[in-house]
Amino acid sequence: MGMNTQGRPTRMAENISTGGYAETTSGSKGLDQAEALIYERGSVEQTGVDLPDVKGRKTRLGGLERQSKLGMPGLSEPETMRHYVRLSRKNYAIDLGLYPLGSCTMKHNPRLNEKMARLPGFADVHPMQPASTVQGAYQVIGELAHWLMTLCGMPGVAMSPKAGAHGEFCGMMAIRAKLDADGQTHRRRVLVPESAHGTNPATAVQCGFTVDEIPADETGRVDMEAFKAKLGDDVAGIMLTNPNTCGLFERDIREIADLIHEAGGYFYCDGANFNAIVGRVRPGDLGVDAMHINLHKTFSTPHGGGGPGSGPTVLSEALAAHAPVPFVVQKGESWELVEHEADAEGEPFGRMAAFHGQMGMFTRALTYMMSHGSDGLKQVAEDAVLNANYIQARLSHVMTVAFEGTCMHEALFDDRFLADTGVTTLDFAKAMIDEGYHPMTMYFPLVVHGAMLIEPTETESRSGLDRFIETLEALALAAKAGETERFQAAPVHAPTKRLDETKAARQPILRWTPSNEPEMEAAE
Amino acid sequence: MRYLPHTETDRKAMLDAIGVASIDDLFTDVPEAARQDGLIDLPRKQTELSVERAMFAMASKNISASSAPFFVGAGAYKHHIPSTVDHLIQRSEFLTAYTPYQPEISQGTLQTLFEFQTQVAQLTGMDVANASMYDGSTACAEAVMMAARVTKRNKAVMAGSVHPHYVEATKTLAKYSEVDVVRTEPGLGGLDAVAELIADDVACIVVQTPDVFGQLHDLRSISEAAHAKGVLVIAVFTEAVALGLVEAPGAMGADIAVGEGQSIGVGLNFGGPYVGLFACKDDRRFIRQMPGRLAGETVDADGRRGFVLTLSTREQHIRRDKATSNICTNSGLCALAWTIHMTLLGEKGLKQLAQINHETACDLADALDEIDGVEVLNDAFFNEFALRLPKNAAEVVDDLAKVGVLGGVPASRLFPGQFDDVLLVAATETNTEEDIAIFAKALKGVL
């Protein structure tokens, strides 16, 4: 036993140090079981699948048989089951509790959606089957497109973007294509509020634009004077999140839309926060030209530990002709797929990805929408906004609300209430972990010092919110009472103590390496 | 509504606590002209049963791959997925977790990503891999942009035998950048046309093996030629199972290997969600320019091993307009399915699976090659190959569908106006001898 060449333990038992698990021999602690890497558990001789025998016939590989080493261990089925079930128990999840990550809309994921997505008629269908054998799949895309366009009050939608950021790319590409088609090739500057998600400036640059930041005013919204001053002949458009990342509705949004249009630019709306207004406000009525919709936020397709997402992008009349291929069209009773730019009536800016979009997310989202209906979706927005305001109202006496007034679907606090306590936003968040909650979004948006952005979503009950509020209240009071150490040591009840992210970045270890194989064998 | 916990009593009490009279008071920032008075014109809420009926009705209009002799490939492949995979990815703790931004309560996701990265690196014969991209096509596009950043050159040469959707996705991503993407003439030949374009101002060449026609390529000599001019080699694959039997891109000189991971653990799903695999050499210049998330190993405050997302200064949420990519959400749950399936297989199972795929395809090629006027065009293939038919391939595919056989993809669907008589067919471990016999008979019948 010992450390391998990268200075890390090669066996779980060695992970024992002075604290935490030191009390047990195995490294486990009751139901919190230590779990080694598959490379430390499995063997290259083991497999968890039974396959037919190979025939040993002559290959037709042109002499390209693999000579290089693989080195991938296998595990039997029961070992596989335990490995992943044990690991799963080290994760927080919506199904375990409130997941108040602002801007991420972590709401309940109905299992009906999972069941529908797994119908063989959807899950076991190939994207390149002949049209006559996939009419139901085209119909799902068409129906979902109809729901999205109707909810948004917009005449076009591109269904193929694979996530929110991909949808942003789609919308901004459509704007770029429209500008170029109109000879507006001098328009290359995109206005982006400081409070925007990082994806917005990154996307604008991908489309060949430059980014010009707009400051926020003292109410947390776009500074209108600064915005007006930035308008000019070279402006391509604005990328604005609404409700914005401070959880506030941009009151001047219609004026912003009018001004950007008058200036010859287009209005891209980041739809990450659509949950706050779905069924109550149609973005088309706000003057939006393009907006991506995160099906994995508003329409509850599961986040899955970081995807897959889906980012259909609604488009205004001006931009719809530039939607990328492919798309479905209804011809009488049947559906057709337009796959090639040359077959499209408009001028598609290109293709976003292989095949036709995130079908597995479409079936889930459509199931979700049909379950709610227009009445249920309106209630979603109302309860989401109600819950956030309830949290804000009840915590405003112990925590500091970043901007006065009511909020939309998320409540933004800053760290003024922690002034002189020695407790940071990060410490406060880690203490929430010990209390059994996933922390809120921290240090975002950037316009607020030590930001804490809380988005409860509509699927939290009043009693659940009360418990959450009481917990945060108690933590805020504990911080003010000088219990600094408790915060700085947190978390102590999570599967690990605070992890050293600086070390991870300075000495990156991005994979297991076989250099510890001999040590493993020796140890066994 | 079954997903909404509040009663009217709750709502009233909460409005009181907030200090407003009605829910409308919380929406007063919305300009009056944009407020919806009534409900939007869409159907009202439905019971679970009623939604099921509607979804069943749509699903039943599709022919599923398992219900017919099935030979469709061209970038997505039907493989058997062990039951364990779908059970495990539906564990609440995996399914309903977010991106692991709080590592202390996300070790499950982070350790599986670390294992995933290692498996992807091993499979491709590369040093490091990221935590997934959306799919193979977007991974390919990102690889080209990365190569341009690494080499500070602005020209990419793509082989005509790369899947056309990958080429289109790459051209779209590069469209308004400095990077100029050129593609050589599509066809079943070798990579000579690509080799001819290797030059001092080229950032990368992009070659696929097995390519979109199923043809295998030895990348060694072209890699050598590319490296001599400082050109990076991006190796693309759409059938990950092939790498259990065919030489790895990393062993043939690739600097970046990208591909579609769907065939391991992820169902056909009518084209998505899939999982993009992205791997490269362990070179600081490369890793700093990689797109997407990376899980890395570290220690906690007690010195115990743990995992975190790392090197995020490449990413949009830190770097904003200077980020290596705008990607945020990736394909986490599909990556999980991939790594679970790969763990079940191990290299022993993977090699056997790959061998069975190849043998089945060889049997299919033999059976079809015997038909008058039908010719197998590949001299080397894994589990997919191109056939020349004496007839228009798109018509043949439609005719085959009428007799209940899903007989491949007409090449003209990928290359409009070209290869009208070429049919792409794939075989996997899911095809039986009987399937092959039915296909051969049906094909003979429709020609």
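What share of the 447 residues of chain B count as buried? The answer is 64%, where buried means that 20 or more other C-beta atoms lie within 10 Å of a residue's own, exposed means 12 or fewer, partly exposed is in between, and C-beta atoms are placed from the backbone.

Before the views, a word on the model. This is a predicted model, in which local features need pLDDT of at least 70 and side-chain atom pairs count only at pLDDT 80 or more, while totals for chains, interfaces and linings use all residues. Residues are numbered from 1 along each chain as its sequence is written, and chains are lettered from A and ligands numbered from 1 in the order in which they are written.

**View 1. Chain B as a whole.**
Chain B comes to 15 helices and 13 strands; these are DSSP runs numbered from the N terminus, with helices being H or I of at least four residues and strands E of at least two. The radius of gyration of chain B is 25 Å, close to the 22 Å that the globule rule gives for 447 residues, so chain B is as compact as a globular protein of that length. (That radius is taken over C-alpha atoms, and the rule is 2.2 Å times the number of residues to the power 0.38.) Along its principal axes, the C-alpha trace of chain B spans about 80 × 55 × 50 Å. Take the contacts in chain B between residues at least 6 apart in sequence: 73% of them join residues at least 24 apart. Two residues are in contact here if their C-beta atoms, placed from the backbone, lie within 7 Å.

**View 2. Two domains of chain B.**
Where they meet, 26 residues of domain 1 of chain B are in contact with 23 residues of domain 2 of chain B. On the domain 1 side, helix 12 of chain B gives the largest share, 7 residues. By class, that side has 15 nonpolar, 8 polar and 3 charged residues. For the classes, Ala, Val, Leu, Ile, Met, Phe, Trp, Tyr, Cys and Pro count as nonpolar, Asp, Glu, Lys and Arg as charged, and the others, Gly among them, as polar.

**View 3. Where chain A meets chain B.**
The contact takes 183 residues from chain A and 169 residues from chain B. Helix 12 of chain B turns up again, with 21 residues, the largest share of the side of chain B that touches chain A. That side divides into 79 nonpolar, 55 polar and 35 charged residues.

Helix 2 (residues 77-88) of chain A packs with helix 12 (residues 332-369) of chain B at an angle of about 150°, with their axes 9 Å apart. (Axes are lines fitted to C-alpha atoms, for helices over the stretch in contact, and angles run from 0 to 180 degrees between N-to-C directions.) Which residues make the contact? Helix 2 of chain A brings A:Glu77, A:Thr80 and A:Tyr84, and helix 12 of chain B brings B:Ile340, B:Thr343 and B:Leu344. Sorted by class, that's 3 nonpolar, 2 polar and 1 charged.

**View 4. A covered helix in chain A.**
Look at helix 12 (residues 425-434) of chain A: 7 of its 10 residues are buried. Among them are A:Phe428, A:Met432 and A:Ile433. The buried residues of this helix pack against strand 12 (441-442), helix 13 (462-480) and helix 14 (484-489) of chain A.

**View 5. A buried lysine.**
A:Lys178 sits in helix 6 (residues 164-181) of chain A. Why does A:Lys178 count as buried? Because A:Lys178 has 24 C-beta neighbours inside 10 Å. Leaving out residues up to four places away in sequence, A:Lys178 touches A:Ala318, A:Leu319 and A:His322.

Most residues other than glycine have a negative phi, and most peptide bonds are trans. The bond from A:Asn242 to A:Pro243 is cis, with omega near -10°, and another cis bond joins A:Val325 and A:Pro326, with omega about 0°. A:Asp420 is not a glycine, yet its phi is positive, about 65°. B:Lys152, also not a glycine, has a positive phi of about 55°. B:Lys152 counts as exposed because it has 7 C-beta neighbours inside 10 Å.
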